[in-house]
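Subject: Structure for you to look at

Hello,

Here is the structure I said I would pass on. Please open it beside this email and follow along.

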Amino acid sequence: MAEMSPPESPLGPLHETMAQTSREGAVVLRESPFLTQVDLRGDPHDPRFLDGVEAALTIRPPVNANHVAVSGDLRILWLGPDEWLIVGPEGEQDRIRGDLEKTLAGQHHAVADVSAHRTVLEISGPRARDVLEKGCYLDLHPRAFGPGRCLGTIIAKTQVLLEQTDDTPSYRLYVRASYARHLATWLLDAMAEYIR
């Protein structure tokens with residue numbers, strides 16, 4: 001049997017550059033690689049489905065568009081009327097999938113491990129919103145977008161799932177691995193004026 005090689009982050013070569021370019025009190029950029037990401041589909045109008053998810057994860061999927069439910073290390077992002085992204089610590093995908101399959105047995109649903117599909121960039125600090133607004137068409141002002149919200153958008157001509165995690169403000173950008181380097185390089189360039 002072939003030995004498995006350890007996973008490699010698509011942004012590993014940029015970690016040092018991100019650390020050197022970041023400035024506390026202005027804007028900080030880093031990658032959170034290898035997070036568990038599980039795609040879940042089901043009927044949000046069926047209480048048995050919602051109860052089953054809550055029984056498996058101790059967290060209920062949000063039914064309001066573009067909202068995020070959080071409990072401990074787990075978060076569930078609303079992706080569509082019948083689709084969610086479950087995000088957790090590295091290496092939890094088998095447990096999450098197994099628990100969901102058990103509590104949703106016999107119900108219409110789909111569960112898929114998509115952890116290798118995207119990596120996660122985290123950007124935070126008082127100037128984080130300014131950096132994102134250079135390449136995002138959305139209104140990120142707190143009256144329009146705040147903690148606990150998520151949505152799919154384009155930043156620097158790259159498709160991302162954007163989540164605001166707190167009022168710092170801090171954001172997570174879920175980006176396909178093949179576009180991660182382009183997006184990270186663009187963000188580093190966009191940060192330049194705020195770190196002098």
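**The E8–E9 hairpin**

E8 and E9 pair in the antiparallel sense, and seven bridges join them. Please keep in mind that this is a predicted model. The two strands form a hairpin with two residues between them. In the turn, Ala 156 has a positive phi of about 55°. Cys 150 stands opposite Glu 163 in E9.

**The cysteines**

How many disulfides does a search of the whole structure find? It finds zero. Cys 136 is in no disulfide, and the nearest cysteine sulfur, that of Cys 150, is 13 Å away. A disulfide is a covalent bond between the sulfur atoms of two cysteines. Seen from Cys 150, the closest cysteine sulfur is the one in Cys 136, and 13 Å is too far for a bond; the cut-off used for a disulfide is within 2.5 Å. Are these cysteines buried or exposed? Cys 136 is buried, with a relative accessible area of 8%. Cys 150 is buried too, at 0%.

In soluble globular proteins, nonpolar side chains tend to be buried together. The largest nonpolar core here has 30 residues, and those that touch the most other members are Leu 121, Ile 123, Leu 132, Ile 155, Leu 173, Leu 183 and Leu 187. The elements that give two or more residues to this core are strands E7 (118–124), E8 (149–155), E9 (158–166) and E10 (170–176), with helices H4 (128–133) and H5 (177–191). The largest share, seven residues, comes from H5.

Not counting residues up to four places away in sequence, Ile 123 touches several residues, including Val 27, Val 28, Leu 29, Leu 132, Tyr 171, Leu 173 and Leu 187. Another core, of 18 residues, lies apart from the largest one; among its members are Val 38, Phe 49, Leu 57 and Leu 100.

**The whole chain**

The protein chain has five helices and 10 strands. Its C-alpha atoms fill a box of roughly 55 × 50 × 30 Å along the principal axes. With 196 residues, a compact globule would have a radius of gyration near 16 Å, and the 17 Å of this chain agrees with that. Buried residues make up 47% of the 196. Of the contacts with a separation of 6 or more, 60% are between residues 24 or more positions apart. The chain exposes about 10200 Å², and carbon and sulfur atoms supply 49% of that area.

Regards

Notes
Residues are numbered from 1 along each chain as its sequence is written. This is a predicted model: local features need pLDDT of at least 70, side-chain atom pairs count only at pLDDT 80 or more; totals for chains, interfaces and linings use all residues. Side-chain values use heavy atoms; hydrogens and water are left out. A nonpolar core is a set of buried Ala, Val, Leu, Ile, Met, Phe, Trp, Tyr and Cys residues joined through side-chain atoms within 4.5 Å. Buried means under 20% relative accessible area, exposed over 50%, partly exposed in between (1.4 Å probe, protein chains only). Helices (H or I, at least four residues) and strands (E, at least two) are DSSP runs, numbered from the N terminus. Contact means heavy atoms within 4.5 Å. Two strands pair if DSSP finds at least two bridges between them. The radius of gyration is taken over C-alpha atoms; the globule rule is 2.2 Å times the number of residues to the power 0.38. Accessible areas come from the Shrake-Rupley method with a 1.4 Å probe; for residues, only the protein chains shown count as cover.
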